[in-house]
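Here is a short walk through one structure. Keep the coordinates open as you read.

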Amino acid sequence: MNTQTFLQTLLTLHITGLILMAGTTIVDYSAFKTFWKLIDQGRKDQLVLLEATSKFPRLTGIGAALLILTGFGMMILTHGAFWRAIMVQDKVCTGYYLILNGLVVGRRQG
C-alpha cells in the first residue's frame, strides 16, 4: 500500500469518525428532547426511549477515538505538514472544547 492510498484511507476514516460522532450527538439531543416531551405528557413509554439511547455515548466515544487516531495518523504520515494551517489548529482546539463540554455538561445531564 503506497503512502497516497494510506493517506486517503485515513482521511476517509477520519471523516467517518466525524460523521459518527456528530451524528450520534444530534440524534442523542433529539432523543432526549423527545424523552422530556413524553415525561411532560405523562406517558409511560419514555423509559424505552431512554434505554434505547443508552448506547449512544459509546458510539460517540468510538467516533471520537477514530477521529483522534486517524488525525494523528495523518499528521505522522505527512510529517506534520498540515499542522501549520490555522484551520487544523482551530479544529484541534474546537475538538478539545467539545471533549471538555462532553465531560462537564454531558456527564451532568446523563
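**Aromatic cluster and nonpolar patch**

Ile76 is found in helix 3. Helices here are DSSP runs (H or I, at least four residues), numbered from the N terminus. This is a predicted model, where local features need pLDDT of at least 70, side-chain atom pairs count only at pLDDT 80 or more, and totals for chains, interfaces and linings use all residues. Residues are numbered from 1 along each chain as its sequence is written, and side-chain values use heavy atoms, with hydrogens and water left out.

Ile76 counts as exposed because its relative accessibility is 64%. The cut-offs are under 20% relative accessible area for buried, over 50% for exposed, and partly exposed in between (1.4 Å probe, protein chains only).

Ile76 belongs to a nonpolar surface patch with Ile68, Phe72, Tyr96, Tyr97, Ile99, Leu100, Leu103 and Val104. Together they have about 1000 Å² of accessible area. Patch members have over 30% relative accessible area and no salt bridge; nonpolar side chains (Val, Leu, Ile, Met, Phe, Trp, Tyr) are joined within 5 Å, like charges within 9 Å. A salt bridge puts a side-chain nitrogen of Lys or Arg within 4 Å of a carboxyl oxygen of Asp or Glu. Areas come from the Shrake-Rupley method with a 1.4 Å probe; for residues, only the protein chains shown count as cover.

Which helices build the patch? Helix 3 (56–77) and helix 4 (86–109) each supply at least two residues. Helix 4 gives the largest share, six residues.

Now turn to the aromatic rings. The structure holds two aromatic pairs. Phe32 and Phe35 pair edge-to-face, at 6.3 Å centre to centre and 85 degrees between the planes. Rings of Phe, Tyr and Trp (its six-membered ring) pair if their centres lie within 6.5 Å; planes under 30 degrees apart are stacked, over 60 edge-to-face, the rest tilted. Phe32 and Phe35 sit about one helical turn apart, because they are three residues apart in helix 1 (residues 3–41). Phe32 is partly exposed at 28% relative accessible area, whereas Phe35 is buried at 9%. Phe35 also pairs with Trp36: the centres are 5.2 Å apart and the planes at 75 degrees, so this pair is edge-to-face. Phe32, Phe35 and Trp36 form one aromatic cluster.
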